Amino acid sequence: MKAYVAGVGMTKFEKPESREWQYWDMVREAGNAALADAGISYGDVEQVPIGYCFQPSTAGQRAAYELGLTGIPVYNVNNNCATGSTALMLARQLVEGGAADCVLAVGFEKMKRGALGGGTDGGDFATSPVARHYGIMAARHGFEMTPPTAQIFGDAAREHMEKYGTTEAQLAAVAAKNHRHSAHNPYAQFQDVHDVDDILASRVVHHPLTKLQCSPTSDGAAAAVVVSERFAQSRELAGPLVEIVAQAMTTDTEDSFSSGSCIDVVGQPMSRAAARQVYERSGLGIEDVDVVELHDCFSINELLTYEALGMCAPGESGKLVESGGTTYGGRWVVNPSGGLISKGHPLGATGIAQVAELVWQLRGTAGERQVPGAEVGLAHNIGLGGAAVVTLLRAT
């Protein structure tokens, strides 16, 4: 059975502690927006997978109760930065498997200011879920007193520069592009435009990554209504449907650790495998894709993901972004929303917010961000520790 996204909604992504709201307020706003977009009520929803990382168990129920008290199953999902796309994947599986005809996938996060601990908060690396990942990093690069997540991705950038000649200006070009794109996104945490020189001049977080190349902590929520074909046919839904053509999740394999490279540890092999599965299942390839929302938690990860998705050969990603091939007028438009770097990164919401942007693009309703003629979109969401989810969507 096919699964379709019938409605999407999200809040504006905000700097933590800058707005007086709780996580359930975010979910009420995003969830009701998605339901209204689909033209249905919460009473039509049969199940709710709801993702977050930084709230207690059953916070999903507390949030979903703001939408209605109908007694339906609510699943609490936590998969690091891939949490939102994991909730969406559960929704798709429920629909495709025939267990439900209408599922609401939700993701939210209420975060603290400052850099993430990278799963090592409190300094207890031995018991951290990502101890193996950071152990690989430390063995090759040592450990510096910089934020752990920036450090492991920054070390991946150093390796890419050493191996392929990637330049600091090419890394900065990723961030400059995404900040430029976010200027037209009213949901983005940041809408300021920065050029390459601005990016390079900002404070170094972990060489070669500067502050403007790093995604911020953020508050916010996003939601998507996923329905079956029979549900869609039996209702006069409000908006055009967008088909989830294929979706795949992968987790770490031996390839993540055997090389001792941070490029592999931060997930490039997972992303490559997930993309390959999606292409095989759909019969489509990256050449068929018009618009991409990918996980640019740091500028280097956008370059690594170009290579994993097959947009260029290994080592050619710096040249690809520098050429303009991933912005308007290029071969693909990548992160028209501004991406994580500029739109913001409330962990639980990110994967669903990516899909919301693609739905608007494939409907042709993205306003000044619209990618002309967009018919096929790809979302890529990754969580260290690890999970990579790739979703291929098509306009109907």
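In this predicted model, the buried residues of helix 12 are Ser-299, Ile-300, Asn-301, Glu-302, Leu-303, Leu-304, Thr-305, Tyr-306, Glu-307, Ala-308 and Leu-309. Because 11 of the 11 residues of helix 12 (residues 299-309) are buried, the helix is largely enclosed by the rest of the structure. Two of its residues, Tyr-306 and Leu-309, also belong to the group that touches the most other members of the largest nonpolar core.

**Helix 12 and its end**
- Gly-310 follows helix 12 and has a positive phi, near 85°.
- Tyr-306, one of the buried residues of the helix, is in contact with Lys-177, Leu-294, Met-311, Cys-312, Ser-317, Leu-320, Val-321, Thr-326 and Val-334, leaving aside its neighbours within four places in sequence.

**Nonpolar cores**
- The largest nonpolar core comprises 51 residues, of which Ile-152, Tyr-306 and Leu-309 touch the most other members.
- Another core, of 35 residues, lies apart from the largest one; among its members are Val-95, Ala-100, Ile-352 and Ala-353.

**Glu-368**
- Glu-368 is placed in the loop between helix 15 (347-363) and strand 11 (376-383).
- With a relative accessible area of 65%, Glu-368 is classed as exposed, because the cut-off for that class is over 50%.
- A polar contact of 3.4 Å joins the side chain of Glu-368 to the side chain of His-184.
- Between Glu-368 and Asp-255 the separation is 113 residues in sequence and 41 Å in space, C-alpha to C-alpha.

Note on methods. Residues are numbered from 1 along each chain as its sequence is written. This is a predicted model: local features need pLDDT of at least 70, side-chain atom pairs count only at pLDDT 80 or more; totals for chains, interfaces and linings use all residues. Side-chain values use heavy atoms; hydrogens and water are left out. Helices (H or I, at least four residues) and strands (E, at least two) are DSSP runs, numbered from the N terminus. Buried means under 20% relative accessible area, exposed over 50%, partly exposed in between (1.4 Å probe, protein chains only). A polar contact is a pair of N or O atoms within 3.5 Å; within protein, one must be able to donate a hydrogen and the other to accept it, and residues adjacent in sequence count only if both atoms are side-chain atoms. A nonpolar core is a set of buried Ala, Val, Leu, Ile, Met, Phe, Trp, Tyr and Cys residues joined through side-chain atoms within 4.5 Å. Contact means heavy atoms within 4.5 Å.
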